[in-house]
Amino acid sequence: RGTRGMALGRVGGRSLLAHLSGHGYLRRLSTLSSLALMLASEALSALDIGAVRLRNRVGLAPINSGMIDVDGSFSDDAIAFHAMYAANNVALVFVGGVAVSSEGRSSLRSFALDSDARMQSLARVLRAIDERGAVAAVQLMHAGPQASVAETHGPLVGPSSTSHPYLAGVPHAMTRKEIIDCRRSFVQAAKRALAAGARIVELHAAHGYLLSAFLSPRSNLRVDGYGGSTAKRCQFVRDVLSEIRLACSAIVGIRLNLSDDVVGGVDYAEGAEIVRCLAQEAPDYFSASRGIYSPEDRVMPPRHLGNTETLRIGRVIRDVGYRGIVMLAGNLCTLDDVSSCIAAGAGDVGLLGRALLADPHLIPKEVEGAADQVDRCKMRLVCKYHSRGLPQVSCPSNRALTTMMRERRKSADPGDG
């Protein structure tokens, strides 16, 4: 079936089979049937996105690590964090939540790609990913109405002056000049991300942040060219994508939530129309999940739902006729989960968040036939995004992350334990 359905992926220029043999993995597989199942796994097949090849179909979901030094640059922990996943055969490693301006940060623990000095800091992280055989991607965002202004002291902005279901404060409705300036910030950040070594750039238009807020009828009450109909609510995102394409040659994808899961917001029918509209700009892929941050938070779906909603999200995109690359996130916990999405035609890449936070060695363990030794996420809905007061991402199941956290706290308070 061409490069999108190869039987075997490649690792560092070698076939997956050669890679596994060289590391002794095949000798440790208990039966020939285990080998057959492994080789047939869709999750381990290679995939081309434009000129970029993924060695398999598993990515680290975009995560704002919070690993920021006092000067706003990425810390050494950030390099180690992203390198850890690249070294363990994750094919696509996102540096998530990168703000296009200081005002666009969600908190003081967010990285802003707004200067050449910051670009050099990002380059250190991307180089660590690339050197370990993974594809480095940068997710660009503006927090908009979800910025923590108590920390950033910046203006709270959005498409309209409407209250937010999760955070205090009412955003200022952006003027046309502010919209134009914001578009330019996205373009400049994209250029810097590519210069720093990113091979993929993603626009974060999900989960209630600025671009997402423009897409939603709940938060966008404008009556100009950026609000009203679905097409007009999509115009801001379309402008950003087209201007990046004009400014530089890049693989650019869009992250969406296909449903806001709040009254008056985007539902699946409206989500399908948004996909149909944005697809006219021919993004290189859509990355899809669901939910915005709210008291009934659905961004991280409950475990008991399994991947049924994830499959539904993928089918919404396919049903509008989109035949490009689809990345899916939400309750994907194993290679089998990723394979099932691919086999069902719902998606092409599985983005794992909580599962890889809990165990960065998930892929090699499952490939070795040691799935029972994978440290599974036990926190249900209580995760980094639901924890308050933590200086950076952590997981009680991940010894490396808990060690980083402990050392970070010691450096912040030398007198502490």
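This is a predicted model: local features need pLDDT of at least 70, side-chain atom pairs count only at pLDDT 80 or more; totals for chains, interfaces and linings use all residues.
User: Let us start with helix 12. What length should its 12 residues span?

Analyst: Helix 12 covers residues 308-319, and at 1.5 Å a residue these should span 16 Å. The C-alpha atoms at its ends are 16 Å apart, which agrees with that expectation.

User: Which residues of helix 12 are buried?

Analyst: The buried residues are Glu309, Thr310, Leu311, Ile313, Gly314, Val316, Ile317 and Arg318.

User: And what covers them?

Analyst: The cover includes two helices, helix 11 (268-278) and helix 13 (335-343). It also includes strand 12 (285-289) and strand 13 (325-329).

User: What follows helix 12?

Analyst: Gly321 follows helix 12, and its phi is positive, near 95 degrees.

User: Glu309 is charged. Which side chain does Glu309 meet in a salt bridge?

Analyst: The partner of Glu309 is Arg290, with an N to O distance of 3.2 Å. Arg290 lies in the loop between strand 12 and helix 12, whereas Glu309 belongs to helix 12 itself, so the pair ties together parts that are 19 residues apart in sequence.

User: Are those two residues buried or exposed?

Analyst: Arg290 is buried, at a relative accessible area of 9%. Glu309 also counts as buried, with 17% relative accessibility, because the cut-off for buried is under 20%.

User: How accessible are Arg192 and Asp116?

Analyst: Arg192 is buried, with a relative accessible area of 18%. Asp116 is partly exposed, with a relative accessible area of 49%.

User: Where does the salt bridge of Arg233 lead?

Analyst: The side chain of Arg233 meets that of Glu270 at 2.7 Å, N to O. This pair links distant parts of the chain, 37 residues apart: Arg233 is in helix 9 (residues 230-233) and Glu270 is in helix 11. Arg233 counts as buried at 5% relative accessibility, and Glu270 counts as buried at 15%.

User: Changing topic to strand 6. How many of its residues are buried?

Analyst: Eight of the eight residues of strand 6 (residues 92-99) are buried, so the strand is largely enclosed by the rest of the structure.

User: Which strands does strand 6 bridge to, then?

Analyst: Strand 5 (residues 58-60) is joined to strand 6 by two bridges, and these strands run parallel. Six bridges join strand 6 to strand 7 (residues 135-141), and that pair is parallel as well.

User: Which bridge partners does Val93 have?

Analyst: Val93 of strand 6 is the bridge partner of Leu60. In strand 7, the bridge partner of Val93 is Ala136.

User: How does the chain cross from strand 6 to strand 7?

Analyst: The chain passes through helix 5 (residues 116-130), and this β-α-β crossover is right-handed.

Definitions and conventions
Residues are numbered from 1 along each chain as its sequence is written. Side-chain values use heavy atoms; hydrogens and water are left out. Helices (H or I, at least four residues) and strands (E, at least two) are DSSP runs, numbered from the N terminus. The expected span of a helix is 1.5 Å times one less than its number of residues. Buried means under 20% relative accessible area, exposed over 50%, partly exposed in between (1.4 Å probe, protein chains only). Contact means heavy atoms within 4.5 Å. Two strands pair if DSSP finds at least two bridges between them. A crossover is right-handed if, with the strands pointing away from the viewer, the path from the first strand over the helix to the second runs clockwise. A salt bridge is a side-chain nitrogen of Lys or Arg within 4 Å of a carboxyl oxygen of Asp or Glu.
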